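Please keep the sequence and the structure in view while reading.

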Amino acid sequence: MPATHEVLSPLPGTFYRRSAPDAPPFKAEGDTVAVGDVLGLVEVMKQFSEVTADAAGRLARFAVENGEPVDPGQLLAVIETD
């Protein structure tokens, strides 16, 4: 069983998987990710903060949908590290 790393929301707000409604997603499930890769954005009062991978591996799954509200510390994505 591969080891996993959880990516948590740094802020309360709305999570977006893409930079604009017509833009491609930053990453899709199954994609390879490196440390520092952008996985999504959290918007708080028109301020956007990048959510980046802090572990390298494969993006196993997102735990929230695009445009879904999130709380600080909430699971956003899981990265398989092995």
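An open sheet of 4 strands is built in the order 5-4-2-7, and its pairing is antiparallel. Strands are DSSP E runs of at least two residues, numbered from the N terminus, and two strands count as paired if DSSP finds at least two bridges between them. The model is predicted, so local features need pLDDT of at least 70 and side-chain atom pairs pLDDT 80 or more, while totals for chains, interfaces and linings use all residues. Residues are numbered from 1 along each chain as its sequence is written, and side-chain values use heavy atoms, with hydrogens and water left out.

- Gly13 has Val70 in strand 7 as its bridge partner.
- Thr14 is bridged to Pro69 in strand 7 and to Glu43 in strand 4.
- Strand 2 also pairs with strand 4 (residues 38-44), in the antiparallel sense and over 3 bridges.

**Sheet 1-8-6-3**
- Another open sheet of 4 strands has the order 1-8-6-3, with antiparallel pairing.
- Its edges are strand 1 (4-8) and strand 3 (32-33); each has a single partner strand, so one side of each is left without a neighbour in the sheet.
- Strand 3 pairs with strand 6 (residues 57-62) in the antiparallel sense over 2 bridges.
- Thr32 stands opposite Arg58 in strand 6.

**Whole chain**
- The protein chain has 8 strands and 0 helices, a helix being a DSSP run of H or I of at least four residues.
- The radius of gyration is 12 Å, which agrees with the value near 12 Å for a compact globule of 82 residues; it is taken over C-alpha atoms, and the globule rule is 2.2 Å times the number of residues to the power 0.38.
- The C-alpha atoms fill a box of roughly 40 × 25 × 20 Å along the principal axes.
- Of the 82 residues, 32% are buried (under 20% relative accessible area, 1.4 Å probe, protein chains only).
- Among contacts (heavy atoms within 4.5 Å) with a separation of 6 or more, 60% are between residues 24 or more positions apart.

How values were computed:
Buried < 20%, exposed > 50% of the residue type's maximum accessible area, 1.4 Å probe, protein only.
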